[in-house]
Amino acid sequence: MRPRNEELGYNSANASEGGYGCCGIILMALSFLLMLATLPVSIFMCIKVVQEYERAVIFRLGRLMSGGAKGPGLFFILPCTDTYIKVDLRTVSFDVPPQEILSKDSVTVAVDAVVYFRIFDPTMSVTNVADANRSTKLLAQTTLRNVLGTKNMTDILVDREQISHYMQTSLDAATDVWGVKVERVEVKDVRLPVQLQRAMAAEAEATRDARAKVIAAEGEQNASRAFKEAADVISSSPAALQLRYMQTLSQIASEKNSTIVFPLPIEFMKGFMNMTQGSSDPGMVKAPSVSKL
C-alpha cells in the first residue's frame, strides 16, 4: 500500500484523539450525569450492537475517537455528545450501466460491466469520502469509458480479460484512499451496431467460402497427382488393370446389388470386331440366271 499524507485526508498512522477543550470536557461530564440520572432507561440509548460483518465509526463532539472502528458486538456511547455510523464490510456488486463508447478505430459500441468491491477500512470510508459506494460506482463508469476509448474494436472483443484486469488495477489504486478494495471487474457484454454485425457476418462468410474453395482445389490437385501415379503403375503392367477390375467386382458384390456393370477391355473386344468386319466385306454373289421360256 502506498504511503499517504495529510492532503489525502484521514489515515490511521497520524490519527490521534487530541484535546476536547474545556467546553468539551464540561459537555461530556453533563452527558455522563444525564445518563446516570436517567438509568436504567438511558442504557438502551448508550449500548449499541453491530453485526459480525459491520463496524461502527464513532464521533465524539465531532472528533473521531481514537482506537478506530468498534465492533463486532457491543459498544458504549454517551448520549448527546456521541454519534456513530455503521459501515458494512461485505463485498458489494453492482452493474455498470451500458456505456456508448467510441473506440479507437471510430466504431460505436455499447459495453456494460460488473464490479465487485468491499470496504477494508471503515474509518477512511467515512472520513475521506461522502459516499464511498456511490463514488466507486461513478468512478467505475468513467474508468470503463476511458479504458475502452483507447482500444480498437477487435481488442475489445478479444482481450476482455486483459481489459478487466487493467480496470481492476486502476480502480483499486484510485479507491485505496477511500478505504475501498476493488476485488474484481468483469466486462459482461459488448453490443455492436446491427449494420456492423451484418457486415462482419458477410465478411466471415466470404472468408469461409474462399478457404473452402482453396481446400477443394488443393484436394483436386492432390487427387490428380495420385491418379497420374496410379495410371503410370497400371500402364507398366497390363495384369494390374485386370486385378483392379476383379477388386472392383468384389467390392460391388459385397454390397448385395442386383445389377453389376462389368467393364470389358478394348483388347478383349477386338476379336469380335474383326469377325464382324470380315463378314461384311466378302464379294458380291451373282444371282442365278433365269432362262426365258
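Me: Two strands pair if DSSP finds at least two bridges between them. With that settled, which residue in β5 is the bridge partner of alanine 56?

Reply: Lysine 86 is the partner of alanine 56. For the labels, helices (H or I, at least four residues) and strands (E, at least two) are DSSP runs, numbered from the N terminus. One caution: this is a predicted model, so local features need pLDDT of at least 70 and side-chain atom pairs count only at pLDDT 80 or more, while totals for chains, interfaces and linings use all residues. Residues are numbered from 1 along each chain as its sequence is written, and side-chain values use heavy atoms, with hydrogens and water left out.

Me: Thanks! How many bridges do β2 and β5 share?

Reply: Seven, in the antiparallel sense, with β2 covering residues 54-60. These two strands belong to an open three-stranded sheet ordered β3-β2-β5, and its pairing is antiparallel. β3 (63-64) and β5 are the edge strands, each pairing on one side only.

Me: What sits between β2 and β3?

Reply: A loop that holds leucine 61. Leucine 61 has a phi near 55°, a positive value in a residue other than glycine. In general, most residues other than glycine have a negative phi, and most peptide bonds are trans. Leucine 61 counts as partly exposed, because its relative accessibility is 30% (buried means under 20% relative accessible area, exposed over 50%, and partly exposed in between, with a 1.4 Å probe and protein chains only).

Me: Which residue has a positive phi in the β6-β7 turn?

Reply: Serine 106, at about 65°, in a hairpin with five residues between β6 and β7. Serine 106 is exposed, as its relative accessible area is 58%. The strands themselves, β6 being residues 92-102, pair in the antiparallel sense over nine bridges. Leucine 102 has threonine 108 in β7 as its bridge partner.

Me: And where are the cis peptide bonds? Start with the one at proline 40.

Reply: That bond runs from leucine 39 to proline 40, with omega near 0°. Proline 40 lies in the loop between α1 (21-37) and α2 (43-46). Another cis bond joins glycine 71 and proline 72, again with omega about 0°. Proline 72 is in the loop between β3 and β4 (73-76).

Me: Which salt-bridge residues join into a network?

Reply: Asp112, Asp189 and Arg191 do, through salt bridges that share partners. Within that group, aspartate 189 and arginine 191 have their closest N and O atoms 3.3 Å apart.

Me: What lines the second largest pocket?

Reply: Among the lining residues are Lys86, Asp88, Ile119, Ser125 and Asn133. On a 1 Å grid over the protein atoms alone, a pocket is an open set of points where a 1.4 Å probe fits, with protein on both sides within 12 Å along at least five of seven lines; lining residues have an atom within 4 Å of a point. β5 (82-88), α3 (122-127) and α4 (132-148) each give two or more residues to this lining, and β5 gives the most, with three.

Me: Last one: how many residues are in the largest nonpolar core?

Reply: There are 33, and those with the most contacts inside the core include Val96, Val109 and Leu144. A nonpolar core is a set of buried Ala, Val, Leu, Ile, Met, Phe, Trp, Tyr and Cys residues joined through side-chain atoms within 4.5 Å. β7 gives the most to this core, with six residues.

Notes. Salt bridge = Lys/Arg side-chain N within 4 Å of Asp/Glu carboxyl O.
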